[in-house]
Amino acid sequence: MSGEVTLTIDGREITVREGEKLLWAALDNGIYIPHLCADRKEEKPDAACRLCFVEIEGRPQPVTACSEPVAAGMVVNTRSERVDRLAGTAFELLLSSHRLDCGKCAANRSCALQKIARERKFKLKVTRLRTLDRNLPVDDSSPVVTYDPNKCVLCGHCVRACRRQGGGVLGFAGRGFERRVTTFGGASLAAAGCSGCGACAAACPVGALTAKNVRLPNAGAKR
Amino acid sequence: MELTDQEITTSREETKKILPQYPGRRGDLIPILQKVQEKLGYVPAPAMEEVAAYLGITPMDVYSVVTFYNQFRLSPPGKRQINVCMGTACHMRGGNIILDSWKRRLKIDVGQVTPDREFSLERVACVGCCTMAPVTVIDGEVHPKVTPTRVDGLLFSFGMKIEKEGGKH
């Protein structure tokens, strides 16, 4: 059953495992596609960040690479005017509710947002949209991690990491602008029974969840 | 908002009565929560914990669902339910100013209840009397063309009523 499939991405012929998602096929072969919420360990991708759009020849619309399985003979382009526009807008929307404080941020230089901006030549600045600083309190209660919800991009990596390793203390709450990563009843991490495993901080691609006294082991950059 | 010991005990007991009616599948979560709210008028934290234990999921998973849907209340309803209309007409006529007045005077946010459990505040979509915008509906009674001064006046008259009721007991 598990054969291999050959497809073309950006003019390069690539052979990958059948059923692999396009995003991982590209990344494993050194072709970059912006992405935030994609998680290799999950069977069903969230496809929430809307950054990994690619063009597939013969398809009328760009598709998200994280949710698209590879197919034999598929011809994929990771760049096009439409794709860059979609990803650029999604990126700016993310930035509009992300507190930009790179100079003082613990994730500076290892931040996934910085990487995406660098790769795609996006500005790390909000120009077209109104910014939304929710000014939520920073949770400093845990001895292991600091949580600054104002920097959260809602990718869900911490929620999944917590579920696998930390007992599922973290989760999403609310909807729309009110959506945020929090604990049961909105309690502080210390009060919510956080085990202090630090998996969330290791998983956070930005500076929202950071390990205390230690610089992030370049969490975002490697993924 | 702090729950009283009585409220905590009641919510746990009532939830435990509801749970055996369901086979305990994950898909039962929303029907269970609806039943809990039907019984208690809201979905308190102790009830969410009971439901989570019954379905074998984390309390956080239950909290996610409860906070996602507008139909679920996290705080008990007050004796008087204040619904501020935020429909198009009321919005144009300054509905948000009226909502802010209620919030400021009652010192609570939308979806909350005052500590004495007298008033709970909700925002609603159009109530169907746009000519009277901006309107506030209190226990089914429509108050037309509300101004911040009117908010103070309504609260004052309620204060008198509460005092009277208190005198009777």
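This is a predicted model: local features need pLDDT of at least 70, side-chain atom pairs count only at pLDDT 80 or more; totals for chains, interfaces and linings use all residues.
Across the boundary between them, 18 residues of domain 1 of chain A make contact with 14 residues of domain 2 of chain A. About 1,400 Å² is buried between domain 1 and domain 2 of chain A, and carbon and sulfur atoms contribute 55% of this area. On the side of domain 1 of chain A, 42% of the area buried against domain 2 of chain A comes from A:Tyr32, A:Leu36 and A:Arg79, a share that exceeds that of any other three residues.

Polar and charged interactions also occur between these domains. Between domain 1 and domain 2 of chain A there are 4 salt bridges, and 9 residue pairs are in polar contact, with both residues at pLDDT 80 or more. Sorted by class, the residues of domain 1 of chain A that touch domain 2 of chain A comprise 8 nonpolar, 4 polar and 6 charged residues. In chain A, a salt bridge joins the side chains of A:Asp39 and A:Arg160, with an N to O distance of 2.9 Å.

Chain B is likewise assigned a domain 1, spanning residues 5-68, and a domain 2, spanning residues 80-168. Taken over C-alpha atoms, the centres of domain 1 and domain 2 of chain B are separated by 30 Å.

Notes: Residues are numbered from 1 along each chain as its sequence is written. Chains are lettered from A and ligands numbered from 1 in the order in which they are written. Side-chain values use heavy atoms; hydrogens and water are left out. Contact means heavy atoms within 4.5 Å. Buried area is the accessible area (1.4 Å probe) that two parts lose on being put together, summed over both. A polar contact is a pair of N or O atoms within 3.5 Å; within protein, one must be able to donate a hydrogen and the other to accept it, and residues adjacent in sequence count only if both atoms are side-chain atoms. Ala, Val, Leu, Ile, Met, Phe, Trp, Tyr, Cys and Pro count as nonpolar, Asp, Glu, Lys and Arg as charged, and the others, Gly among them, as polar. Domain bounds come from an automatic or database domain assignment.
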